[in-house]
Amino acid sequence: MEHFRRLGINEHVLRAISEERFEKPSSIQEKTIPLILAGKDVIASSATGSGKTLAFGTGIIHIAERGKGIQALVLTPTRELAEQNMKALKKFSRYKPINVVVVYGGVSINPQIENLSRADVVIATPGRMLDHIGRRTVDLRHVKMLVLDEADRMFDMGFIDDVKEIIHSCPAKRQTLLFSATIFDEVADLAAKYMSNPVEIFGEAQVDPRKLAQVYYEVPEQIKFSLLVHLLKHERKGLAMVFCNTRRTTDFVANNLRALGINAFAIHGGFSQDKRNKTMENFHSQSVQVLVCTDVAARGLDIKGVSHVYNYDIPKDSKEYVHRIGRTARAGKEGKAINLLSEKDHDNFSRVLRDNDIEVREEKRPYIQRVQLNWRGERRTFSRGPPRRGPRADSPRHRRRRRY
Ligand code: AMP
């Protein structure tokens, strides 16, 4: 505990940390906590799994007091990350009872209004927060600390105008902390505009390249799913995440895996929040072994024990590739990222290789048994592809308009 105490953390938080059995601060905690406690604005480049929640959580728990209005606001890109942050903050504030409230879209607004009236700390997704501001059901006049968590994701998901509007609703005199896996130009511009003399901190790379093997298979589209099934059966050690670019493919892959007796579940923005939370709990408890997901749904999730990341589709955005593979090879464990490349993935894959300094080895395709596919009761092969229904749910255009 001495390591943590030296950072200036108070006894309430130290006690909660010791119960979590954390031995020493992570690099990002070591570098940011003293600055945060000194009231500085901080920009930290740090990814999921770096321990950033405890870093800003410590700052929040130090300043927040019960019954004095909303004193800290954390904006996060997704509902899952909001839930995750809320749970972590509740844990770390166990010995300094403060009222932590989470608000996000997709669920009824009325209980949130009631909760907001008693909140000391709020964790929110931008869309729903803006809704509350518009309805005047939230009072941000007492905010002393604003945290922008995964700011780069909020840009990617088209939330940045909402974020700016929310910032304008907070008092100008406040401390602002910004966490982002990558600090690209727009993030730096945001910091310059809304932060005051921020100190920039770089965390350690999230993925240990020595522990992460990255491979790819060339595979015709018609047998891509069969190859995935083969690999899941032969490769799997721990939990596996299978990334797809659209909700439609996510459903298609998860349904067909389940039809073959593989314990898989889908998670994407099309499901109710309750269902997404339940699936995440089952995956955390390891009763679900394969999580098939879109980038949006998986963003920022901290899941332990992921041994394999499959890219069933290669992401369009090469930064997304880094986010995906960062789900494995964490906390000193080994991990493997497996890319399944059919003709349509080549452009995206070239971009990933061009933009990232990574080494991906080609693997020879094994002999695989072709499996029968089923799409909503129709017996067909994937060569014809699943049916299209309406606009592509995960197209950037669509995502931009979606509110969380
Ligand atoms: P985060 O990046 O905040 O989502 O944290 C990732 C995971 O690391 C969470 O499960 C935390 O509980 C855990 N964690 C945070 N700080 C430490 C630490 N100093 N030592 C060990 N685990 C930690």
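**Entry 1: two loops with positive phi**

I began with Arg21, which is found in the loop between helix H2 (11–20) and H3. I am working from a predicted model here. Phi of Arg21 is near 60°, a positive value in a residue other than glycine. Is Arg21 buried or exposed? Its relative accessibility is 71%, so I noted Arg21 as exposed.

I then looked up Asn197, which also has a positive phi without being a glycine, at about 40°. Asn197 is found in the loop between helix H10 (185–194) and strand S7 (199–202). With a relative accessible area of 71%, Asn197 is exposed.

**Entry 2: the chain as a whole**

I stepped back to get my bearings. The protein chain has 17 helices and 16 strands. How much of the chain do buried residues make up? I found that they account for 57% of its 404 residues. I also looked at contacts between residues at least 6 apart in sequence, and 75% of these join residues at least 24 apart.

**Entry 3: H3 against H4**

Helix H3 covers residues 27–37 and helix H4 covers residues 52–63. Their axes come within 9 Å and cross at roughly 20°. Angles under 35 degrees count as roughly parallel, and therefore H3 and H4 are put down as roughly parallel to each other. The crossing of H3 past H4 is right-handed.

I wanted to know which residues meet here. From H3 I listed Ile28, Gln29, Thr32, Ile33, Ile36 and Leu37. Facing them in H4 are Lys52, Leu54, Ala55, Phe56, Thr58, Gly59 and His62.

**Entry 4: H7 against H9**

My next helix pair was H7 (residues 126–135) and H9 (residues 160–169). At what angle do their axes cross? I read roughly 45°, with the axes coming within 9 Å. That angle makes H7 oblique to H9. This crossing is left-handed, whereas H3 passes H4 in a right-handed one.

The H7 side of the meeting is made by Pro126, Gly127, Met129, Leu130 and Ile133. On the H9 side I found Asp162, Val163, Glu165, Ile166 and Ser169.

I picked Ala151 in helix H8 (residues 151–156). Its relative accessible area is 2%, so Ala151 is buried. Which residues does Ala151 touch, not counting those up to four places away in sequence? I noted Leu178, Phe179, Ser180 and Val187. I also checked Ile183, which is 32 residues from Ala151 along the chain, and their C-alpha atoms are separated by 8.7 Å.

Ala240 counts as buried because its relative accessibility is 0%. Val290 is 50 residues from Ala240 in sequence, yet the C-alpha to C-alpha distance is 4.8 Å. Leaving aside neighbours within four places in sequence, I found Ala240 in contact with Leu232, Phe283, Gln289, Val290, Leu291, His308 and Tyr310.

**Entry 5: rings**

How many aromatic pairs does the structure hold? I counted four. One of them is Tyr216 with Phe349, a tilted pair at 5.3 Å centre to centre with 55° between the planes. I traced where the partners sit: Tyr216 is in strand S8 (residues 212–218) and Phe349 is in helix H16 (residues 346–355). They are 133 residues apart, and the pair links distant parts of the chain.

I finished with charges over rings. The charged end of Arg258 sits over the ring of Phe265, 4.8 Å from the ring's centre. Which ring lies under the charged end of Lys275? I found the ring of Phe271 there, with the charged end of Lys275 4.3 Å from its centre.

Methods:
Residues are numbered from 1 along each chain as its sequence is written. This is a predicted model: local features need pLDDT of at least 70, side-chain atom pairs count only at pLDDT 80 or more; totals for chains, interfaces and linings use all residues. Side-chain values use heavy atoms; hydrogens and water are left out. Rings of Phe, Tyr and Trp (its six-membered ring) pair if their centres lie within 6.5 Å; planes under 30 degrees apart count as stacked, over 60 as edge-to-face and the rest as tilted. Helices (H or I, at least four residues) and strands (E, at least two) are DSSP runs, numbered from the N terminus. A charge sits over a ring if NZ of Lys or CZ of Arg is within 6 Å of the ring centre and within 35 degrees of the ring normal. Axes are lines fitted to C-alpha atoms, for helices over the stretch in contact, and angles run from 0 to 180 degrees between N-to-C directions. Angles under 35 degrees count as roughly parallel, over 145 as roughly antiparallel, 65 to 115 as roughly perpendicular and the rest as oblique. A crossing is left-handed if the near helix is turned anticlockwise from the far one by less than a right angle, and right-handed if clockwise. Contact means heavy atoms within 4.5 Å. Buried means under 20% relative accessible area, exposed over 50%, partly exposed in between (1.4 Å probe, protein chains only).
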